[in-house]
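Open the model in your viewer and keep the selection tool ready.

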Amino acid sequence: MEGLKVSDANLVVYVHPSKSNKVPQAVLRELSSLLFRFNESFDGVVLAYDVQIQDKIAKILPGFHPYLGVKLKAKLLLFAPKPNMHLEGKVVKLTERSIHVIVLGFSSAIITGEDIREDFNHKIKHGDELFASRSQKRHVIKVGTMIRFLVKSFDEERLHISGSLLPANTGSIRWLARHLEDFSVSDRSTRKRSESEGELVE
């Protein structure tokens with residue numbers, strides 16, 4: 001899935017002297033406070049980290065008295081969705097004019113009616129709402145479906161995504177995995193046939 005990246009970072013974590021005999025625990029507590037929040041320095045939401053403490057001994061930093069500075073090297077897993085990236089998420093709610101999705105279990109996304117391609121028709125079947133493709137009857141989106149969608153925008157403060165199902169390569173992941181390759185092979189065959197016919201005509 002797009003939107004995920006690993007970043008190498010050199011960090012300094014400030015630890016209170018009262019924690020000087022428990023520096024590793026204090027460092028991990030500080031790093032944990034970064035999780036699932038957008039960080040401007042890293043240009044993404046920190047999802048996980050792997051850290052190595054550079055200095056065994058914390059040092060008192062001038063100007064930060066009485067805090068101790070601990071130098072770290074860390075690998076950070078970041079969630080940094082940008083417009084036109086493709087994301088995957090689970091549908092948690094459907095209405096006639098919107099599809100609501102959860103991405104990676106924490107970030108919410110909404111796809112409004114204007115961003116749902118016309119091929120999808122809203123229906124109620126056995127009391128459940130769903131979107132079904134008019135041209136591909138088995139292409140159905142309902143609560144619980146994992147979908148791929150295009151990012152339109154990302155609200156960094158609320159961790160909220162505005163998405164789109166207008167491109168043909170978006171929709172139910174299960175359906176796309178089974179049929180998108182068939183379409184691309186069919187399109188290539190059609191193009192080759194057209195090119196051959198064109199050569200014959202000339």
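Contact here means heavy atoms within 4.5 Å. The model is a predicted one.

Start by selecting isoleucine 161. Beyond its neighbours within four places in sequence, isoleucine 161 is in contact with Phe79, Leu87, Val103, Ser107, Ser108, Ala109, Ile110, Phe149, Val151, Ser153 and Phe154.

Now zoom out. The protein has two helices and 14 strands. Of its 202 residues, 34% count as buried.

Next, select Ile99, Val101, Ile111, Ile141, Ile147, Phe149 and Ile161. Within the largest nonpolar core, which has 23 residues, these touch the most other members. Colour the strands β3 (44-53), β6 (86-95), β7 (98-103), β8 (107-112) and β12 (146-155): each supplies at least two residues of this core. The most come from β12, which gives four.

Finish with the rings. The structure holds three aromatic pairs. Show phenylalanine 79 and phenylalanine 106. Their ring centres are 5.7 Å apart and their planes stand at 80 degrees, so this pair is edge-to-face. Phenylalanine 79 is in strand β5 (residues 68-79) and phenylalanine 106 is in the loop between β7 and β8, so the pair ties together parts 27 residues apart in sequence. Phenylalanine 106 is partly exposed, at 23% relative accessible area.

Key. Residues numbered from 1 in each chain as written. Predicted model: local features only at pLDDT ≥ 70, side-chain atom pairs only at ≥ 80, totals over all residues. Heavy atoms only, no water. Buried < 20%, exposed > 50% of the residue type's maximum accessible area, 1.4 Å probe, protein only. Core = buried A, V, L, I, M, F, W, Y, C linked by side-chain atoms within 4.5 Å. Phe/Tyr/Trp six-rings, centres within 6.5 Å; stacked < 30°, edge-to-face > 60°.
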